[in-house]
Amino acid sequence: MDGIHDLGGKQGFGPVRYTLNATAFHAEWERRVNSLYAHAVRLGIFNMDEYRHGIERMEPRHYLTASYYERSLTSLATLMVEKGIVTWTELEARAGGAFPLAAPSAAGRSNVATRQRFKPGDVVRVRSDYVPGHVRMPGYIRGKTGIVVSESPAYPFPDAHAHSIEAADEPTYDVRFRSEDLWPNSADPALVHVGVFQSYLEPAAGPR
């Protein structure tokens, strides 16, 4: 889905702010949220793709104003309600007020039937697919052409895995793009490497 979470390549946000040697947690509740969602994954209540999609489904204004661990909490709570572990009413009673959850999910999709294997040096194009559910393809590479550098081990296809439908394992490819192709007339010359699932790619013609 093209949600507010997919900010790669967007303009107008200014430089990325960061703190060297920052601590992982700034409050005890953050540590607890991180532990709870990790424990839920280990118990098989939901998987990491469902967890990521829960964050993607947050209301845009909530997403932009929420901290990292508030986003984790929202996804965790949303999935626990959807899985029938707790009710929204119970959450709000414990919180003593409103407890915002993510929006309902759209349908997912299975692996692309016509997907192909690639090898280093192959020229590939990212499919121009617009998916209403979960997707691990950054929007800024849609329709762009790059070169395969290497192949990584197979993993369940996220577009399906996040929706509890059949998700065959498939590899990801390290694909190298030219920044000038990704953002024409708006980027300094550079090479951008993106891990791209097999189902997102198709063969393309062009110089290696």
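**View 1. The chain holds 7 helices and 5 strands.** Helices are DSSP runs of H or I with at least four residues, strands are runs of E with at least two, and both are numbered from the N terminus. Along the sequence the pattern reads α-α-α-α-α-β-β-α-β-α-β-β. This is a predicted model: local features need pLDDT of at least 70, side-chain atom pairs count only at pLDDT 80 or more, and totals for chains, interfaces and linings use all residues. Residues are numbered from 1 along each chain as its sequence is written, and side-chain values use heavy atoms, with hydrogens and water left out.

**View 2. The C-alpha trace spans about 60 × 40 × 30 Å along its principal axes.** Of the 208 residues in the chain, 38% are buried (under 20% relative accessible area, with exposed over 50% and partly exposed in between; 1.4 Å probe, protein chains only). Contact means heavy atoms within 4.5 Å. Take the contacts between residues at least 6 apart in sequence: 65% of them join residues at least 24 apart. The chain has 23 positive and 24 negative charges, and their mean positions lie 3 Å apart. Lys and Arg count as positive, Asp and Glu as negative; His and the chain ends are not counted. Each charge is placed at NZ of Lys, CZ of Arg, CG of Asp or CD of Glu.

**View 3. Helix α4 covers residues 68–82.** Its 15 residues should span 21 Å at 1.5 Å a residue, and the end C-alpha atoms are 21 Å apart, so the two agree. The expected span is 1.5 Å times one less than the number of residues. Buried residues of α4 include Tyr69, Arg71, Leu76 and Met80. Their cover includes α1 (28–43), α2 (48–56), α3 (60–65) and α5 (88–95). Glycine 84 follows α4, and its phi is positive, near 80°.

**View 4. Histidine 62 sits in helix α3.** Histidine 62 counts as buried because its relative accessibility is 13%. Beyond its neighbours within four places in sequence, histidine 62 is in contact with Glu70, Thr74 and Pro100. Thr74 is also among the buried residues of α4.

**View 5. The side chains of histidine 62 and glutamate 70 make a polar contact at 2.9 Å.** A polar contact is a pair of N or O atoms within 3.5 Å; within protein, one must be able to donate a hydrogen and the other to accept it, and residues adjacent in sequence count only if both atoms are side-chain atoms. Alanine 102 is 40 residues from histidine 62 in sequence. In space, the two are 9.3 Å apart, C-alpha to C-alpha.
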